Amino acid sequence: MYEQVSHSLLNDILTEIEAEVKDKNLQYFYTRLGANFYAIYSLFHQLYGHRDDFKSQLNQLVKVLTRSYIARSTELRQLDLAREKNHNWFLSQQWVGYAVYCREFSGDLKGLESKLGYLQELGINMLHIMPILDCPKGKSDGGYAVRDFRKINAEIGTVEDLDALATNLKKLDTLLVLDVVVNHTSDEHAWAHQAIAGDKKYQDYYYMFDDRGTPDLYEQYMPEVFPENAPGNFTWNAEMGKWVMTVFNDYQWDLNYQNPAVFTEMVDIILYWANHGADIIRLDAVAFLWKKIGSTCQNEREAHLILQLMKDCCQVTAPGVLFIAEAIVAPIEVIKYFGEDAINAKECEIAYNATLMALLWEAVATKNATLLNRAIRSIPDKLERATWLNYVRCHDDIGLGFDDNDIRLAGYEPTLHRQFLLHYYTDRSANSSAKGIAFGTNVKNGDARIAGSLASLAGLETALEHHDEDAITRSIDTILLLHGVILAFGGIPLIYYGDAIGTLNDQAYLDDDHKKNDNRWIHRPAMDWNKSELRLEKGTTQQRIFSGLRKMIATRKEITAFADHNNRELISLDNPHLFCFVRNNGTGNHPRVLVICNFDHKEQACNIDGLRKLGLLQHAAVKNLFSDDTIDLSDSLLTIPSLGMYWLET
Ligand code: GLC
């Protein structure tokens with residue numbers, strides 16, 4: 001849109017930086033800046049228009065965008081153009097992600113190069129390397145307490161190592177995902193040091209207060225994220241004589257986005273990593289970006305404005321780069337991180353689907369899909385050009401954040417049902433084979449989350465201890481079933497390192513003073529490459545999981561109906577143990593795929609006459625796409641084996 005005020009301001013800014021941009025090929029940059037500038041100006045004005053330094057702050061932002069574009073390589077600029085043409089590229093069913101802690105997975109970045117073959121073997125083409133930036137040892141929150149946003153942790157490698165890896169990944173058509181921890185810094189970041197030294201400019205980068213007056217007002221409505229390890233949301237800094245807002249750990253200082261300089265610094269950092277080859281940037285803890293007294297300080301409207309502004313800026317300089325929102329919040333809130341639009345993602349193109357993840361674990365515990373069937377319907381439809389990141393496990397805990405109303409409608413009492421789930425996964429005395437531990441127990445309200453590796457939560461550890469072959473089979477089937485859902489559901493599946501070989505809980509963190517207070521380390525083990533070799537030996541648990549998963553991944557890539565175009569229809573069946581949906585195929589030439597999962601430990605049947613009335617399952621027999629078994633449909637009853645799953649072409 002042409003709007004005089006913003007455009008004459010833009011002209012002033014560009015005249016000022018003319019010398020810098022002289023003789024550079026900025027044609028595409030200018031068209032994108034022209035197209036996005038009114039949006040950038042308006043958002044910046046909504047957030048910071050009341051400030052006297054508004055113009056100079058906006059000027060600084062445009063300089064950052066320009067300099068970052070000048071620094072962007074020709075190859076990446078070409079990729080931007082290609083992705084602009086093919087803007088739905090990331091909705092394809094071809095993408096399959098894998099998340100690693102570099103140190104634990106491969107030692108360092110160079111080591112990671114030597115593991116790319118393993119990832120290729122599994123069918124991975126999107127690699128999320130969790131935070132690798134410089135953090136203080138022992139106060140790192142697994143990499144999420146960054147001391148220097150432009151330096152890689154010396155034990156992991158250098159920026160040059162990352163550049164080399166990014167180049168190799170591009171050759172393998174594998175996407176690189178990197179984190180930018182936008183909500184906070186380490187208390188050892190240079191900004192924090194300067195704040196401690198009394199520099200007002202940097203004190204204004206954070207939320208800090210001389211006495212408890214304002215912190216107490218904030219605390220009235222702010223929940224605690226780590227109630228066990230880091231109770232409260234403020235930490236006293238004796239050197240400065242101030243209370244600092246620390247929503248996560250006491251050494252993670254929340255950045256103050258009410259200060260436009262903070263916003264521009266973080267855009268600069270996002271673009272820095274985009275220019276080092278990140279295809280996708282995972283924006284950490286985005287729900288927390290704006291703090292307001294009298295609110296929970298999560299999901300605030302301004303947090304969304306910040307993300308929209310970040311997206312608009314990124315589109316000017318690096319339009320091929322996508323954002324992932326890490327917002328582990330209620331479905332009604334999470335959907336907003338795509339940006340409230342009819343079609344295009346205005347904030348993040350991708351968002352973690354924590355609701356599906358938690359519901360899957362609920363279905364495993366209850367052996368029943370009633371809540372899954374109901375609550376999944378509470379996730380509003382996503383935008384056309386946006387997609388989910390579907391996962392079963394990740395480096396974090398599992399929160400039981402289902403909606404109370406959904407729990408009631410599924411026939412359970414919410415508090416009791418959450419207690420049941422917590423006991424099921426974390427209580428040794430419970431009648432359950434799951435072996436997890438409680439994380440983040442809040443004694444004030446009884447809340448807790450769950451930590452533990454996928455395989456241990458799925459009963460494999462207990463089954464192996466008891467040498468119980470049937471139980472081993474059940475846990476392997478559970479692992480494959482859960483992955484089968486995230487591969488078929490719609491969105492990008494993200495597999496957590498170690499899960500493809502059934503990695504169990506790792507107690508080693510208890511011997512490490514830096515880790516023992518955060519029991520999420522139980523599921524962040526060093527990858528056992530010796531055990532991983534067993535994936536090649538027929539009949540081992542590693543082989544049974546790895547080959548099952550590999551086959552499903554390869555099959556997913558062939559099924560165009562699995563591309564994510566809002567083409568999923570949930571189907572109600574007459575059996576509460578079953579979860580069923582159909583993936584329609586917009587292209588017309590390819591068949592639809594019906595997915596049926598059985599969460600029970602016994603085989604279950606359903607009457608398929610209803611499905612036939614919907615035009616599904618018309619043939620007398622059909623192939624299960626990832627196993628090549630032929631399923632007999634001559635009867636009205638279809639039987640699904642214990643913890644089994646079908647992908648049926650229909
Ligand atoms: C994100 C990370 C988590 C970390 C938190 C605070 O939620 O996934 O591991 O503890 O942010 O940085």
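## The second largest pocket

By class, the residues that line the second largest pocket comprise eleven nonpolar, nine polar and 13 charged residues. The structure described here is a predicted model. In this model, the second largest pocket has a volume of about 760 Å³, and its lining is made up of 33 residues. Those that lie nearest the centre of the pocket are Gly138, Ser140, Gly142, His514 and Trp521.

Two elements, α6 (102–106) and β3 (133–134), each give two or more residues to the lining of the second largest pocket. The largest share comes from α6, which provides three residues.

## The surroundings of the ligand

Several side chains place polar atoms by oxygen atoms of the ligand. For His395, an N or O atom of the side chain is 2.8 Å from an oxygen atom of the ligand. In the case of Arg282, the distance between a polar side-chain atom and an oxygen atom of the ligand is 3.0 Å. For Gln252, a side-chain N or O atom is 3.5 Å from an oxygen atom of the ligand. On its own, the ligand has 310 Å² of accessible area, and the protein covers 95% of this area.

Rolling a probe the size of a water molecule over the atoms shows where empty space is left. How many cavities of 30 Å³ or more does a search of the whole structure find? The search finds four.

The largest cavity has a volume of about 50 Å³. Its lining consists of Ile129, Pro131, Ile132, Leu133, Leu178, Asp179 and Trp273. By class, six residues of this lining are nonpolar, none is polar and one is charged.

The second largest cavity has a volume of about 40 Å³. The residues that line the second largest cavity are Arg72, Leu76, Leu79, Asp80, Arg83, Lys170, Gly277, Ala278, Asp279, Gly320 and Val321. Helix α5 (residues 74–85) gives the most to this lining, with four residues. Sorted by class, the lining of the second largest cavity has four nonpolar, two polar and five charged residues.

## Aromatic pairs

The structure has 39 aromatic pairs.

Note on methods
Residues numbered from 1 in each chain as written. Predicted model: local features only at pLDDT ≥ 70, side-chain atom pairs only at ≥ 80, totals over all residues. Heavy atoms only, no water. 1 Å grid on protein atoms, 1.4 Å probe; cavity = no way out; pocket = protein on both sides within 12 Å on 5 of 7 lines; lining within 4 Å. Points joined across faces, edges and corners; volume = space filled by probe spheres on them. Nonpolar A, V, L, I, M, F, W, Y, C, P; charged D, E, K, R; others polar. Polar contact = N/O pair within 3.5 Å; in protein donor to acceptor, adjacent residues only side chain to side chain. Areas by Shrake-Rupley, 256 points an atom, 1.4 Å probe, with all protein chains shown as cover. Phe/Tyr/Trp six-rings, centres within 6.5 Å; stacked < 30°, edge-to-face > 60°.
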